[in-house]
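Colleague: I would like to learn how to read a structure, one feature at a time. Could we begin with the words used for single residues?

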Amino acid sequence: MCVALPGVVTAIHDNGYATVDFSGNTVEAARGLVDIKVGDHVLVHAGCIIQTVQQDEAQELASLFEELQTLS
Amino acid sequence: MGIETYIDYLKNYDGPDVTFMEVCGSHTAAIAKSGITKVISPKIHLVSGPGCPVCVSPSGYVDRLIALARQPETTVCTFGDLLRIPGTSESLNEAKGSGASVEMVYSPMDVIALAKEHPDQTYVFGAVGFETTVPVYTVLMEQVESEGITNIQVLTALKVMPPVIRWLCDNGARIDGFIAPGHVSVISGSKHFEALSREYGIPFAVTGFSPKELVVGIYGLLRMWEQRQKLLAEGESLTKNFYPSVVTHDGNVIAQAKVEKYFEPGPAVWRGMGEIADSGLYLRKEYAALDAGSRGLDEDHKINKACRCDQVLMGKITSEECPLFGKVCSPLTPQGACMVSSEGSCYQRFLNR
């Protein structure tokens with residue numbers, strides 16, 4: 001039920017929606033919950049963008065290791 | 001340390017038995033599909049909690065949706081999983097088979113096009129969900145309001161996680177740590193679980209859904225559990241975020257503000273568990289015109305008296321310990337909600353036996 005899938009924003013529309021590409025399949029997703037721009041990687045749940053995805057792998061790993069470091 | 005190191009640690013763990021609960025239906029499904037339980041030490045027990053919003057909606061809610069779908073010029077729209085959940089005497093799917101007007105949709109926003117196309121028909125959206133999905137309904141409300149659409153309502157069964165986790169901790173669930181729901185945390189932030197972890201001294205690991213993310217999350221949870229006294233003494237939080245690609249400490253503040261605008265907390269009935277204070281969300285009175293009668297839908301009937309979904313949802317027994325599991329109760333002949341939803345713990349246990 002809480003499944004959310006990552007895609008890439010390819011167009012932003014004036015009607016509150018954006019086009020999101022999921023590996024070649026495109027959908028119109030509502031964009032009222034997140035400030036986005038074309039090219040952003042986003043998480044879509046139930047037809048609505050709920051978050052942008054951190055694409056900087058180094059940054060993500062740094063955050064993860066920061067958490068794990070206190071536990072090693 | 002690489003992922004193999006974490007897998008080895010989980011595989012070779014030989015300390016006291018520990019029980020970790022996931023409270024997200026998507027984690028239930030992801031853990032079952034990953035095969036992770038076959039790799040980690042038998043001393044690490046993973047149990048499923050009340051993390052599927054469809055499974056925990058009481059029969060009275062389904063009954064009300066069916067009653068609405070049988071009213072003239074009224075159509076009930078909702079997600080596919082909810083169509084199969086049993087009410088007192090039938091499911092929405094069965095009601096559709098005997099003439100009730102029921103439509104399955106992918107997104108709440110799909111209702112807008114239907115409502116515009118058929119202005120004489122009232123569309124009621126069966127709005128179930130946890131913190132992840134509630135903001136999506138606020139986007140629907142905004143569009144309904146801004147476009148002056150008058151033939152859309154919602155029947156809500158919306159719930160939030162912290163009160164039910166508190167209820168589990170207070171009612172004898174023997175849980176050593178929680179795999180905190182990843183997509184709930186996208187909206188609410190990892191801070192959502194800090195008070196609980198502090199109050200009960202139980203670790204929470206915000207975790208993603210891929211096999212690697214699950215390994216990291218469960219490893220982090222185990223290490224927190226092992227070091228909990230030291231971490232508490234040092235003033236460290238026992239809530240940690242192992243899903244940093246999409247989860248932040250504070251979450252999606254735009255979404256939180258919209259939820260606050262439209263909804264207020266109230267008591268909610270969880271299937272098999274009863275009423276839990278402040279565990280539900282209801283439309284505020286200024287938006288009452290959008291509500292198809294969501295309050296007070298408290299009736300909760302079992303289809304089969306031997307069904308033990310309630311104890312499965314509390315992590316007190318595994319699905320296999322229910323006397324009906326795999327016998328009269330299967331995905332084709334579900335006797336309880338945990339076997340109906342594709343994210344139900346019994347459904348996943350049955351598929352991955």
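Modeller: A residue is buried if its relative accessible area is under 20%, exposed if over 50%, and partly exposed in between (1.4 Å probe, protein chains only). A:Asp40 is buried, with a value of 13%. A:Lys37, at 53%, is exposed. Before going on, note that this is a predicted model: local features need pLDDT of at least 70, side-chain atom pairs count only at pLDDT 80 or more, and totals for chains, interfaces and linings use all residues. Residues are numbered from 1 along each chain as its sequence is written, chains are lettered from A and ligands numbered from 1 in the order in which they are written, and side-chain values use heavy atoms, with hydrogens and water left out.

Colleague: What links A:Asp40 and A:Lys37?

Modeller: A salt bridge, that is, a side-chain nitrogen of Lys or Arg within 4 Å of a carboxyl oxygen of Asp or Glu. Between A:Asp40 and A:Lys37, the closest N and O atoms are 3.1 Å apart. Over all chains, the structure holds 12 salt bridges.

Colleague: Which residue forms a salt bridge with B:Arg284?

Modeller: The partner is B:Glu260, with 3.3 Å between the closest N and O atoms. To place the two, you need the elements: helices (H or I, at least four residues) and strands (E, at least two) are DSSP runs, numbered from the N terminus. B:Glu260 is in helix α14 (residues 253-262) of chain B and B:Arg284 in the loop between β11 (274-283) and α15 (309-313) of chain B, so the pair ties together parts 24 residues apart in sequence. B:Arg284 is buried at 18% relative accessibility, while B:Glu260 is exposed at 52%.

Colleague: Which residue does B:Glu320 meet in a salt bridge?

Modeller: B:Glu320 meets B:Arg349, at 3.5 Å from N to O. This pair links distant parts of the chain, 29 residues apart: B:Glu320 sits in the loop between α15 and α16 (337-340) of chain B, and B:Arg349 in helix α17 (residues 345-351) of chain B. B:Glu320 is partly exposed, at 39%, and B:Arg349 is partly exposed too, at 30%. Salt bridges can also share partners: B:Glu260, B:Glu264, B:Arg284 and B:Arg295 are joined into one network that way.

Colleague: How many residues of helix α2 of chain B are buried?

Modeller: Seven of the 10 residues in α2 (residues 25-34) of chain B are buried, so the helix is largely enclosed by the rest of the structure. Among them are B:Gly25, B:His27 and B:Ile31. After α2(B) comes B:Gly35, with a positive phi near 75°.

Colleague: Now the sheet. In what order do its strands lie?

Modeller: Strands of a sheet pair through backbone hydrogen bonds, either parallel or antiparallel. Here two strands count as paired if DSSP finds at least two bridges between them. Chain B has an open sheet of five strands with parallel pairing, in the order β2-β1-β7-β8-β9. Its edge strands are β2 (44-48) and β9 (239-242) of chain B, each pairing on one side only. Neighbouring strands are turned by 25° against each other on average, direction ignored. Such axes are lines fitted to C-alpha atoms, for helices over the stretch in contact, and angles run from 0 to 180 degrees between N-to-C directions.

Colleague: How many bridges join β1 to β7 in chain B?

Modeller: Three bridges join β1 (residues 18-22) to β7 (residues 177-180) of chain B, and the two strands run parallel. B:Glu22 stands opposite B:Ile179 in β7(B). Helix α12 (residues 211-226) of chain B packs on the sheet, touching β1, β2, β7, β8 (204-207) and β9 of chain B, and its direction makes about 170° with that of β8(B). Contact means heavy atoms within 4.5 Å.

Colleague: Is B:Ser41 buried or exposed?

Modeller: Buried, at 3%. B:Ser41 lies in the loop between α3 (36-39) and β2 of chain B. Apart from neighbours within four places in sequence, B:Ser41 touches B:Leu10, B:Lys11 and B:Tyr13.

Colleague: How much area is buried between chain B and chain A?

Modeller: Buried area is the accessible area (1.4 Å probe) that two parts lose on being put together, summed over both. Between chain B and chain A it is about 3100 Å², with 65% from carbon and sulfur atoms. In chain B, the residues losing the most area to chain A are B:His183, B:Pro244 and B:Ser245, together 16% of what that side buries. The contact takes 44 residues from chain B and 30 residues from chain A. Between the two chains the count of salt bridges is zero.
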